[in-house]
Amino acid sequence: MRFATLFLMTIAVWLSSAAQAWEAQASAKDTETWLRLSERCRMAIEQGERLDTQGLDDLGPSIRRVPPLMIEGLAEPARHGHEVRQHSWQQDGSSFVAVKEEYPGGRRSCAIRLAPGMPAVTAVEEADFVSAFLQKRQALIAAGAHEERNPDPIFSTNLGVGPIARSASGCRIISGLQIETRPGREPFFNSFSAEQAGCSLPR
């Protein structure tokens, strides 16, 4: 009886260890997938080229509607409503979706988002994403053509990098990572490369 109990405990420990190892491997694989997709986004936006969608399944186009921003006391909206044209792709079995967006006037962005139905990023996973982003940013800055460019400190992670030179349309470009995992806050994950508003030259 003791042998059987010990055997069952040993099996339970082994299964638990195997599950933890699998989860760590899956998390690392997701980080690698995210890095590859975010690099495709960054290159497309910085070089003004089409997004490299090789090996990705086409999820089709869509429209995102942004409502006008109304401020009390102002008769006119502080920002007019507009439509953003989107197109999405996903690697088979991936936790992420690549979403290309085009704003009125031609300004472009490309985001890596969690696929529908995926659970929110955990604090442990956040640390993995942050480490990978910082390594990539350090390499870009060391090459001499990029600089640190962090988004506003709104979330638990607010990291950014951008080329020193503006895009061909006169826009500053930022590639960023924003994550929220703090207790009591709405979970959030946003990985993006985008031309920022206020471009100085028409397309």
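Q: What share of the contacts in the protein chain with a separation of 6 or more is accounted for by residues 24 or more positions apart?
A: This is a predicted model, in which local features need pLDDT of at least 70 and side-chain atom pairs count only at pLDDT 80 or more, while totals for chains, interfaces and linings use all residues. Residues are numbered from 1 along each chain as its sequence is written, and side-chain values use heavy atoms, with hydrogens and water left out. Contact is taken as heavy atoms within 4.5 Å. Among contacts in the protein chain with a separation of 6 or more, residues 24 or more positions apart account for 48%.

Q: In what order do the elements of the protein chain run from the N terminus on?
A: Helices (H or I, at least four residues) and strands (E, at least two) are DSSP runs, numbered from the N terminus. The protein chain has 2 helices and 8 strands. From the N terminus on, these elements run α-β-β-β-β-α-β-β-β-β.

Q: Why does the pair of W34 and F129 count as edge-to-face?
A: Rings of Phe, Tyr and Trp (its six-membered ring) pair if their centres lie within 6.5 Å, with planes under 30 degrees apart counted as stacked, over 60 as edge-to-face and the rest as tilted; by this rule there are 5 aromatic pairs. In the pair of W34 and F129 the ring centres are 5.1 Å apart and the planes stand at 85°, so the pair is edge-to-face.

Q: Which parts of the chain does the pair of W34 and F129 link?
A: Both W34 and F129 are buried, where buried means under 20% relative accessible area, exposed over 50% and partly exposed in between (1.4 Å probe, protein chains only). The two residues are 95 residues apart, and the distant parts that they link are helix α1 (residues 2–47), which holds W34, and helix α2 (residues 123–142), which holds F129.

Q: Is the pair of F129 and F189 stacked, edge-to-face or tilted?
A: F129 lies in helix α2 and F189 in strand β8 (residues 188–195), so the pair ties together parts 60 residues apart in sequence. Both F129 and F189 are buried. Their ring centres are 5.2 Å apart and their planes at 55°, so the pair is tilted.

Q: What is the handedness of the disulfide of C41 and C110?
A: A disulfide is counted here as a pair of cysteine sulfur atoms within 2.5 Å, and the sulfur atoms of C41 and C110 are 1.9 Å apart. C41 lies in helix α1 and C110 in strand β4 (residues 108–114), so the pair ties together parts that are 69 residues apart in sequence. The torsion about the S-S bond is about -50°, so the disulfide is left-handed.
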